[in-house]
Amino acid sequence: MSQLPACPKCDSPYTYEDGVMLICPECAHEWSTAEPQADTGKVFRDANGNELVDGDSVTVIKDLKVKGSSLVVKVGTKVKNIRLTDEGDHDIDCKIDGIGPMKLKTEFVKKA
């Protein structure tokens, strides 16, 4: 019997093969042995489930009040060149025309 690698997600030693895929019965993680195993960290997704990366353009899908101000970021506002961060409870650092630097949550934007 060949020695199969442990699950990269939960480190379970009970992995099994199903065709070309390896499957973990404990966490249901599936992966291919042909794929390079790279830990990419947190994956950021918009409200529709599309993956976001640094430099993307997004559109706001809900009116957002700006704390400490009477300004509102309106639905449909386009934000260019976003920067994704893993700090605090907001995921996106950006600059919005007419408002300035802002932090947004990914759940309130969609990829443009």
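Aspartate 11 sits in the segment that comes before strand S1 (16-18). Keep in mind that this is a predicted model. The backbone at aspartate 11 has a positive phi of about 65°, even though the residue is not a glycine. With a relative accessible area of 60%, aspartate 11 is exposed, because the cut-off for exposed is over 50%.

Alanine 28 is another non-glycine residue with a positive phi, near 65°. Look for alanine 28 in the loop between strand S2 (21-23) and S3. Its relative accessibility is 56%, so alanine 28 counts as exposed.

In soluble globular proteins, nonpolar side chains tend to be buried together. Here, the largest nonpolar core has 16 residues, and the members that touch the most others are Val79, Ile92, Cys94 and Leu104. Three strands each put in at least two residues: S6 (58-60), S11 (92-96) and S12 (100-104). The largest share, 3 residues, comes from S11.

So what does cysteine 94 touch once its neighbours within four places in sequence are left aside? Its contacts are Val79, Ile82, Gly100, Pro101, Met102 and Leu104. Val79 and Leu104 also belong with cysteine 94 among the core members that touch the most others.

## Salt bridges around lysine 42

Side chains of opposite charge can pair when their charged atoms come close. The whole structure has 5 salt bridges. Lys42, Asp86 and Asp91 are joined in a network of them.

Start with lysine 42 and aspartate 86, where the closest N and O atoms are 3.8 Å apart. Lysine 42 is in the loop between strand S3 (30-32) and strand S4 (44-45), and aspartate 86 is in the loop between strand S10 (83-84) and S11, so this bridge ties together parts that are 44 residues apart in sequence. Lysine 42 also forms a salt bridge with aspartate 91, with 3.6 Å between the closest N and O atoms. That pair links distant parts of the chain too, as aspartate 91 lies in the loop between S10 and S11 and lysine 42 in the loop between S3 and S4, 49 residues apart.

## A bridge from aspartate 56 to lysine 111

Another salt bridge brings together the side chains of aspartate 56 and lysine 111, at 3.5 Å from N to O. Again distant parts of the chain are linked: aspartate 56 is in the loop between strand S5 (51-52) and S6, while lysine 111 is in strand S13 (residues 109-111), 55 residues apart. Aspartate 56 has a relative accessibility of 13%, so it counts as buried. Lysine 111 is partly exposed, at 34%.

## The largest pocket

Rolling a probe the size of a water molecule over the atoms shows where empty space is left. The largest pocket has a volume of about 270 Å³. Its lining is made up of Leu64, Lys65, Val66, Lys67, Asp89, His90, Met102, Lys103, Leu104, Lys105 and Phe108.

Strand S7 (64-65) and S12 are the elements that give two or more residues to that lining, with S12 supplying the largest share, 3 residues. Sorted by class, the lining has 5 nonpolar, 1 polar and 5 charged residues. Leu104 turns up in this lining, and it is one of the core residues that touch the most other members.

Note on methods
Residues numbered from 1 in each chain as written. Predicted model: local features only at pLDDT ≥ 70, side-chain atom pairs only at ≥ 80, totals over all residues. Heavy atoms only, no water. Core = buried A, V, L, I, M, F, W, Y, C linked by side-chain atoms within 4.5 Å. Buried < 20%, exposed > 50% of the residue type's maximum accessible area, 1.4 Å probe, protein only. Helix = DSSP H or I, 4+ residues; strand = E, 2+ residues; numbered from the N terminus. Contact = heavy atoms within 4.5 Å. Salt bridge = Lys/Arg side-chain N within 4 Å of Asp/Glu carboxyl O. 1 Å grid on protein atoms, 1.4 Å probe; cavity = no way out; pocket = protein on both sides within 12 Å on 5 of 7 lines; lining within 4 Å. Points joined across faces, edges and corners; volume = space filled by probe spheres on them. Nonpolar A, V, L, I, M, F, W, Y, C, P; charged D, E, K, R; others polar.
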